[in-house]
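Here are a few exercises to work through with the model open in your viewer. Try each task before reading its solution.

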Amino acid sequence: MVEVTETNGSPLPDKTKAPPGALADPDSSGGSKWRLEYREPYGRCIIATDNIGTGKVIYTDNPIITGPKLTSALLCLGCYKTLQEPPYACSKLGCLQTKAPPGALADPDSSGGNKWRLEYREPYGRCIIATENIGTGKVIYTDNPIITGPKLTSALLCLGCYKTLQEPPYACSKCSWPVCGPECETEGYHPYECQVFSKVNFKLNLADFGERNPVYECILPLRCLILREADPKKWATLQAMESHDEIRKKSDFWAIEQLNVCDFLREKAQVPYEDALMHTMCGILDVNCHEVRSNVPGAPDESRVRGLYPLCAMMSHDCTNNTQHSIMDDHSMVVVASRNIAKGQQITGIYTQLLSGTTERRKHLRYGKFFDCVCSRCSDPTELDTFFSALKCTRCGGTVLCKDPLHPLNKADYQCTKCGNEVDNGEVSDLVCLIGAEIALAGESDPAVLEELLEKYSSVLHPNHFHIIAIKSSLSQIYGRIPGLQMTDLTTTQLNRKMQCCRDVLKILDILDPGISRLRGIMEYELQVPLLLQLNRAFMQRQLTRPDLLQQLQEPQQLLENVIRCLQHEAPSSFEGKICKISRQSLSEVLKWKEKILGLPEEKFLPTQVINFDQPKLSDQDLTLEDLLRKIGS
């Protein structure tokens, strides 16, 4: 028998066999229902080997590979989902648009149930969308930090437990960095930097550091770099976060980080990392970090550190955000709905200070987060009718507003809405900076100084200007909390002033931050205290009737209930957590007091005014209009 071969000498493929790997055994897919056969003019084809009834499965096949059609609409090359223009540009393998960073959240149902999903939306990028209606106060998800470390400007603290330290601090016996003592040399993430600096016999000298080169600036970037070997899963999560390197190269940050992080770590710690990678770590931290309050028991103040929270980093920013996040004692982050969130609505956080003006917020976001906010509040010169950045016209007393709050350089001039008088942006900027400096210098120890500032600038600032509200926020907490001005020391006038300051701040929060928030909880707590004190004084002096006292107790009761609602998710050891605990106790006392009032004898109250109805009865004639007018006329 002659073997048929191709011109190159190799045998021709058997025309009655499936391609290699397609189906080694036909019986494994369809049994004996068919066979491969060569027939002209079709070539290799499939022939039925028995009668096959309608609807019977003949075989199951699997693709060797898949990919987009030539004329496909714009789609994701990972999951083939149709995309909107302009699309997100994939920076790594796989579909990153609708997935959490690797290791951030393998199963969304494990954190938040089905309340949300990841979605790509322009111009926000990857963001979190509600998949159901979420009520105010509901927990949306809990997040855990990839890593934590000291802030650049942290006070002297332990690198193991983050407790604030007193000078001179205990030096770690291995690396010489400050810790509480031997017990903290192996605590937390301190072993990360300890192993690096101890290898090179580094000796820390705090005198070598200052304002331009903070002592802790290199610590958290170094910890991030060590994750590559110490925890590859966390490193993968870290790598998926945004660093904005190209933008940061043009900023002041780059040169500072080159000196204080890259050069320092390479020269002092002899690390093997390239400058580009170290800069990327610094960028990821700058863009994505959140402040963490360590709430260490026994610490004179809450030590401030920062942490990387992967889920929180995917929430878009909005200056009228709809969530509140709380850091617990174990550094986990609980994110709750601060107001009702409708299905399909974006779940947002805030990356800047709520009680700052538009120019100040936008400058901070551009300088620190590398984007320009164009939210509804920033776009509105009145800031949602709060006039939070408005001035008073020195010519006519009208309202002076920014002409273009979305100016690309945040340098638009201002104009009076009444007389049209224009004010140069530089003049407004200088004034705002001057007042801010005076407020900072005044501190929070003497209410008289702050009251003088209010009087001094009331002629040039709108009553709702953010500097005015900041001063009133401070006054609301100073009255009743400093020596000589404790709550029981306050006069009726001072109590009324404290309450008015609280109400003025709450009026702004009703617009800019409706729903639940830490600041609202604190303001409502500060308001209910003088209300209860005044009611108690009035009761002791028999100035209220029983119904009046019960009716007026409704407001402090409602305030305490709101405080608990606002602060119930705060860490128990935090200031807000302690306020929440006190409020629960106070609410219980108020309810008991109301019950007691109902049983007290009448002599404890101001007598209820009795209306005497024993008047002579009017005849039908007296009730006529003619006689009534005649009596009035006489």
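**Exercise 1.** Find how much space lies in the largest cavity, and say which residues line it.

*Solution.* Start with the volume: about 80 Å³ of space lies in the largest cavity of this predicted model. A cavity here is a set of points, on a 1 Å grid over the protein atoms alone, where a 1.4 Å probe fits but cannot get out, and lining residues have an atom within 4 Å of a point. Grid points are joined across faces, edges and corners, and the volume is the space filled by probe spheres set on the points. Next, collect the lining: Thr 358, Thr 359, Asp 380, Pro 381, Glu 383, Ser 389, Ala 390, Val 400, Leu 401, Cys 402, Pro 405 and Tyr 414. Two or more of these residues come from each of α7 (358-369) and β16 (399-402), with β16 giving the most, three residues. Helices (H or I, at least four residues) and strands (E, at least two) are DSSP runs, numbered from the N terminus. Last, sort by type: seven are nonpolar, three polar and two charged. For that sorting, Ala, Val, Leu, Ile, Met, Phe, Trp, Tyr, Cys and Pro count as nonpolar, Asp, Glu, Lys and Arg as charged, and the others, Gly among them, as polar.

A word on the ground rules: it's a predicted model, so local features need pLDDT of at least 70, side-chain atom pairs count only at pLDDT 80 or more, and totals for chains, interfaces and linings use all residues. Residues are numbered from 1 along each chain as its sequence is written, and side-chain values use heavy atoms, with hydrogens and water left out.

**Exercise 2.** Now do the second largest cavity: which element gives the most to its lining?

*Solution.* This cavity has a volume of about 50 Å³. Its lining includes Leu 152, Glu 217, Cys 282 and Arg 306. Both α5 (252-268) and α6 (275-288) give two or more residues, and α6 gives the most, with three. By type, you get five nonpolar, no polar and four charged.

**Exercise 3.** Is Arg 520 buried or exposed?

*Solution.* First place Arg 520: helix α13 (residues 518-540). Then check its relative accessibility: Arg 520 is at 8%, so it counts as buried (under 20% relative accessible area; 1.4 Å probe, protein chains only).

Notes: On a 1 Å grid over the protein atoms alone, a cavity is a set of points where a 1.4 Å probe fits but cannot get out, and a pocket is an open set with protein on both sides within 12 Å along at least five of seven lines; lining residues have an atom within 4 Å of a point. Buried means under 20% relative accessible area, exposed over 50%, partly exposed in between (1.4 Å probe, protein chains only).
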